[in-house]
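Please look at the structure shown here and consider how two parts of one protein can meet. The briefing that follows treats the contact between them, topic by topic.

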Amino acid sequence: MSTTDTDTSPETVLYASPAAASGPKWVETPVAYDGILLAGFGGPEGQDDVIPFLRNVTRGRGIPDERLEEVAHHYRHFGGVSPINQHNRELKAALEAEIAKRGLNLPVYWGNRNWEPYLEEAVTEAAQAGDTTLIAIATSAYSSFSSCRQYREDYARVLEATGLGETVTIDKVRQFFDHPGFVTTFVRGVTDAVSAYVAEGIAPEKIRVLFSTHSIPTADAERSGPRDVDFGEGGAYEAQHKAVAAFVMAEVAAAVADVEWELVYQSRSGPPTQPWLEPDVNDVIAELPGRGAEAVVIVPLGFVSDHMEVLWDLDTEAMEAAEEAGIKAVRTPTPGIDPAYVSGLIDLVEERLNGTPKAERPHLTDLGPWYDVCRPGCCENIRAGFKPVAAGLRP
């Protein structure tokens with residue numbers, strides 16, 4: 001299905017399977033997918049890769065290498081190697097094992113947005129193997145431009161660039177922020193951390209839980225999610241995180257004790273003049289002693305694995321902030337390849353294989369289950385404008 005063919009019909013989803021092409025919110029018709037596209041962010045795997053990788057990440061923004069080098073030191077601190085590619089290799093293997101256990105005949109093709117192996121390679125490999133009806137899993141659980149729409153732009157761009165748009169279709173699983181498989185790790189991690197502090201003799205009222213996620217420009221946050229739903233100032237991105245955090249803390253309260261919590265942000269990279277979501281995790285940690293806290297639990301709620309933003313921004317900078325503030329700190333695990341998370345991702349694929357009705361889809365917040373086909377205008381990037389996307393209605 002080419003871009004030209006679909007431009008005359010605003011109700012048609014680009015490069016979609018027939019079941020998703022008309023743009024239903026939830027696809028309740030079975031689709032015979034023959035492959036899974038695992039879409040990652042990508043990361044350098046050596047010192048020589050760092051600057052070329054950062055050029056890819058910031059392509060089109062005209063950022064000089066001198067400024068990129070200011071970010072590069074995070075990677076150079078770890079030998080120029082981001083752990084993200086190895087995590088995705090492990091996730092791919094875990095998904096393949098779960099698929100085999102269920103008796104599904106679905107190969108997993110892995111490609112990245114910003115580094116080898118690129119998405120172009122993965123889609124081409126799938127097409128050459130005869131696997132042309134793909135279901136995509138992006139390694140991000142929430143709704144925003146960078147965590148959802150940009151991946152959908154990537155799918156459309158790759159199909160156009162490779163000339164495979166006439167033969168390959170790419171749908172995607174729904175955003176899985178409140179799927180039990182994703183949330184389980186965080187419930188377990190926070191429960192264990194709070195229990196350990198209480199066992200040490202720290203009173204629950206002296207403990208704070210900080211749920212941390214990647215900050216994004218406030219303009220992007222406001223436009224995250226569908227345009228016909230009011231999620232508040234932070235859009236669907238902030239609302240989804242807060243809803244999941246509230247669920248986690250309700251579980252912790254039932255199991256251990258009621259503990260104060262808040263949503264914080266990290267990894268800001270924009271110019272000082274551009275508003276981004278706040279407060280910053282380190283600023284909040286510095287304030288905690290004055291608010292009566294003796295211990296903090298840092299939860300990487302916005303991340304699926306221990307990649308650079310977790311290793312540097314939380315395990316390095318946030319821990320240093322806690323030490324300077326004179327309070328205890330612990331960071332809980334990300335899902336990684338936790339069996340519940342891996343199983344949950346394949347559950348999402350099976351929803352689409354089976355055409356599972358919306359009413360039967362598991363979700364842990366009132367915001368879910370999220371849409372299979374993204375709605376018009378969802379997660380707009382006002383600086384770059386709308387580009388062709390797969391797995392969603394235009395624009």
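Between domain 1 and domain 2 there are three salt bridges, a salt bridge being a side-chain nitrogen of Lys or Arg within 4 Å of a carboxyl oxygen of Asp or Glu. This is a predicted model, in which local features need pLDDT of at least 70 and side-chain atom pairs count only at pLDDT 80 or more, while totals for chains, interfaces and linings use all residues. Residues are numbered from 1 along each chain as its sequence is written, and side-chain values use heavy atoms, with hydrogens and water left out.

**The two domains**
- Domain 1 covers 13-176 + 338-393 and domain 2 covers 180-331, with bounds that come from an automatic or database domain assignment.
- The C-alpha centres of domain 1 and domain 2 are 25 Å apart.
- Each domain brings 37 residues to the contact, where contact means heavy atoms within 4.5 Å.

**Buried area**
- About 3200 Å² is buried between domain 1 and domain 2, and carbon and sulfur atoms give 69% of this area; buried area is the accessible area (1.4 Å probe) that two parts lose on being put together, summed over both.
- Of the area that domain 1 buries against domain 2, Tyr142, Leu364 and Leu367 supply 22%, which is more than any other three residues.

**A salt bridge in detail**
- Asp220 and Arg383 form a salt bridge in which the closest N and O atoms are 2.9 Å apart.
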